[in-house]
Structures are given as C-alpha cells and as structure tokens.
Amino acid sequence: MKLSQYGYEFSPELLAKYPAPNRDESRLMVVNRAKGTIEHRIFKDILDYFDERDVFVFNDTKVFPARLYGNKEKTGAEIEIFLLRELNRELRLWDVLVDPARKIRIGNKLYFGDDDLLVAEVIDNTTSRGRTLRFLFDGSYEEFKETLFRLGETPLPKWVRDKVEPEDAERYQTIFARHEGAVAAPTAGMHFSKHLMKRMEIKGVESAFITLHVGLGNFRTVDVEDLSKHKMDSEQFFVTDEAAATVNRAKEEGHRIAAIGTTVMRTLETAVSTHGHIKAAEGWTNKFIFSPYEFSVADAMVTNFHLPYSTQLMMTAAFGGYDRIMEAYRVAREEGYRFGTYGDAMLIL
C-alpha cells in the first residue's frame with residue numbers, strides 16, 4: 001500500500017467543531033465485514049451488536065492541559081509551548097514543542113502567567129521544533145505541577161477549533177480517564193457515557209482498561225509514499241495483569257473483543273504473544289499498522305472518521321479492508337457524517 005491510496009475528497013465542512021450534545025448520541029456507522037453491509041445507527045445502539053461476556057477494551061489515559069502561552073525574555077515576543085512529556089521530575093525537565101521555534105535558542109528564558117508566575121530556561125534543542133525546558137520553581141513538586149497545569153490549556157487540536165472553550169476541559173476527555181500522560185484524547189472512547197457504561201454492565205458486556213499515553217506523533221504527517229519507510233513516534237503503554245486476564249479469558253471462551261479506538265488496537269497488537277494471547281507489559285511502542293496486516297486479538301473496532309493520509313485511516317483500512325473502508329468513507333460524506341476528533345463513530349464487525 002502507498003500513501004497516495006489514502007486520499008479522498010475532503011472539505012473542512014466535514015470536520016466537527018463541537019461534540020454532540022450527549023456523548024452517546026453521535027451517529028454510528030456499522031460496517032459488517034462478513035455481510036458486506038453498512039448500517040446507520042446512533043452510538044448508544046452499539047450494545048445491540050454485542051453479547052454477555054464480550055469485552056470492550058478501553059484506553060484510560062488522561063489528557064493533561066499541555067498548551068501554554070508565554071513570552072520570551074527581553075523582546076517579550078509571544079510564544080506557545082506544547083508540553084510533550086516530563087523527562088525528569090526532580091530537575092523539572094520537560095520535552096516540549098515551541099512555536100515559533102526559529103527564534104528560541106539555548107539559554108533563553110521564557111515567562112508564563114501573570115507576574116511571570118512560572119519561568120523556564122531552554123537547555124537543549126533536540127529537533128527543528130522540539131526543545132528541552134527546565135522550569136525554575138522553588139516550591140514542592142506538587143505545587144509546581146499544580147501551577148503548570150493551572151496555566152495550561154486543554155490541548156484541543158488547532159484544526160478542530162482555534163479557540164478552546166470551557167466545555168472542552170471535560171469533553172476532550174473520556175469519562176474513565178485515570179492515568180495522566182496524554183497530549184491528545186483517545187477519541188473513540190469519548191462516545192461512552194455513564195449511562196451507556198451502566199447498560200453495558202447490566203447486559204454483561206465486560207470492560208478491560210489498558211493505558212497508552214497518546215502523543216502528537218498520532219498526527220504527524222506521513223511524508224513518504226512507501227509506507228514501510230514511515231516511522232511512528234514512540235508512545236508509552238501499560239497492560240495490567242487484570243486487563244490481560246480479562247481479554248485472554250474471553251478469547252479462550254469464544255467471546256468477542258472490541259478495541260475501542262486505534263490506540264487500543266496498537267497496544268493490543270504490541271502486547272500480543274505468538275499464541276494470540278496478550279501479556280501484561282509496559283514500555284514504549286512505535287508500532288505502525290497498515291495493509292496487509294493480520295490482526296491477532298480484536299474481532300471488532302470502534303473508531304472515528306479520520307483525515308486523509310492519516311495513520312489512523314491506514315489502520316482502520318487494514319482492519320476493515322481497504323476497499324470496504326474507502327467505500328464507507330464515501331457513504332459517510334454523502335450521508336453527512338461528522339469527521340475528526342469530535343465527530344461521529346464507526347463500528348467495524
């Protein structure tokens with residue numbers, strides 16, 4: 001498969017700028033691989049397709065307020081910092097992106113908040129846009145983290161909307177978010193409401209929770225035609241003994257496993273053994289899934305409608321079948337489905 005095969009006719013009007021009023025009332029396209037059919041439902045109807053003892057696997061990563069606005073020393077020039085990951089807790093070192101990057105040099109000090117509440121020093125230039133910052137803060141680690149996150153903004157992608165609004169702090173997050181570390185939300189999981197989770201419990205559909213801290217690499221442009229030459233950024237993941245046991249037991253008993261999102265699918269395929277069982281593990285994954293690929297764990301997947309040429313679209317096409325998924329995207333455009341982070345969902349069976 002080549003990069004050029006993942007383009008489709010796209011216009012910005014397809015993008016959802018706001019979430020559905022209720023999490024579980026987005027539209028749901030159901031693509032059945034065995035029957036070759038497409039159905040149009042509402043997301044809360046998803047349980048109609050699953051039985052007792054089937055398992056939904058969720059990503060319980062939690063998005064932190066990763067975007068900060070500040071000023072450069074001396075010139076006062078406005079800068080935007082995007083926190084990627086904490087490198088050293090004691091030294092207050094963070095891996096960040098800086099915009100505009102071209103005028104930021106090693107040794108520059110950056111100021112954030114009223115009365116320069118927080119100061120950072122640039123100590124390393126790692127890439128054309130990336131930097132390592134050391135935050136200069138006298139208080140405890142807890143006080144530092146509270147200050148940093150209070151000054152930060154919900155990292156809603158700029159292509160969704162330029163301006164972040166108060167409701168984004170809640171809606172750009174799953175209701176089961178638990179482990180802080182993501183700079184982008186696992187969007188398929190955002191369709192699940194408390195009411196829907198309760199209905200799952202009543203029906204006997206089980207839940208398993210893994211963690212993959214979603215990074216900006218998810219949105220990195222693929223710039224090579226030969227997909228085998230594209231390198232994914234590494235992201236940290238955790239699979240607990242409990243999650244592995246729940247998934248493996250269901251597989252042994254012949255029940256279905258639904259990966260709720262591409263991040264879950266990547267994690268399951270990273271943690272799978274040669275026998276098709278997943279194992280408890282933690283580490284980093286840069287797994288890039290595209291056609292042809294033989295999936296080992298999940299029988300079903302929930303995912304949003306992704307942008308052209310994106311790695312998420314490539315994985316979706318690998319799981320659902322290239323021709324079938326590209327046709328489903330054509331139908332979605334005709335039927336007025338909403339694309340992107342706050343958009344509608346697809347269930348592939």
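These points go through selected local features of a predicted model.

1. Helices α6 and α7. Two packed helices are described by the angle between their axes and the distance between the axes. Helix α6 covers residues 311-320 and helix α7 covers residues 322-335; their axes are 6 Å apart and meet at an angle of about 120°. That angle makes α6 oblique to α7. The crossing of the two helices is right-handed.

2. The contact between α6 and α7. From α6, the residues involved are L313, T316, A317 and G320, and from α7 they are Y322, R324, I325, M326 and Y329. Sorted by class, the contact has six nonpolar residues, two polar ones and one charged one.

3. Helix α5. This helix runs over residues 262-271 and is mostly covered, with nine of its ten residues buried. Among the buried residues of α5 are the charged-type side chains R266 and E269.

4. S26. This residue sits in the segment before β1, a strand that spans 27-32. S26 has a relative accessible area of 4%, so it is buried. Beyond its neighbours within four places in sequence, S26 is in contact with A20, I42, F43, H191, G343 and D344. With H191 there is also a polar contact, side chain to side chain, at 3.3 Å. A184 is 158 residues from S26 in sequence, and their C-alpha atoms are 20 Å apart.

5. N108. The loop between β7 (93-99) and β8 (109-112) holds N108. Its relative accessibility is 13%, so N108 counts as buried. A polar atom of the N108 side chain lies 2.6 Å from the backbone nitrogen of R105. Setting aside residues up to four places away in sequence, N108 touches K72, E73, K103, A120, E121 and V122.

6. R89. Is R89 buried or partly exposed? With a relative accessible area of 42%, R89 is partly exposed. R89 is placed in the loop between β6 (78-88) and β7. Apart from neighbours within four places in sequence, R89 is in contact with Y141 and E142. The side chains of R89 and E142 make a polar contact at 3.5 Å. The C-alpha atoms of R89 and K145 are separated by 9.8 Å, and the two residues are 56 residues apart along the chain.

7. Cis peptide bonds. Most residues other than glycine have a negative phi, and most peptide bonds are trans. The bond joining D99 and P100 is cis, with omega about -5°. P100 belongs to the loop between β7 and β8. A cis bond also joins S291 and P292, where omega is about -10°. P292 is in the loop between β15 (281-285) and β16 (300-304).

8. K74 is not a glycine, yet its phi is positive, near 70°. K74 is found in the loop between β5 (67-72) and β6, and it is exposed, with a relative accessible area of 84%. Y309 is likewise not a glycine and has a positive phi of about 65°. Y309 lies in the loop between β16 and α6; its relative accessible area is 41%, so Y309 is partly exposed.

Methods
Residues are numbered from 1 along each chain as its sequence is written. This is a predicted model: local features need pLDDT of at least 70, side-chain atom pairs count only at pLDDT 80 or more; totals for chains, interfaces and linings use all residues. Side-chain values use heavy atoms; hydrogens and water are left out. Axes are lines fitted to C-alpha atoms, for helices over the stretch in contact, and angles run from 0 to 180 degrees between N-to-C directions. Helices (H or I, at least four residues) and strands (E, at least two) are DSSP runs, numbered from the N terminus. Angles under 35 degrees count as roughly parallel, over 145 as roughly antiparallel, 65 to 115 as roughly perpendicular and the rest as oblique. A crossing is left-handed if the near helix is turned anticlockwise from the far one by less than a right angle, and right-handed if clockwise. Contact means heavy atoms within 4.5 Å. Buried means under 20% relative accessible area, exposed over 50%, partly exposed in between (1.4 Å probe, protein chains only). A polar contact is a pair of N or O atoms within 3.5 Å; within protein, one must be able to donate a hydrogen and the other to accept it, and residues adjacent in sequence count only if both atoms are side-chain atoms.
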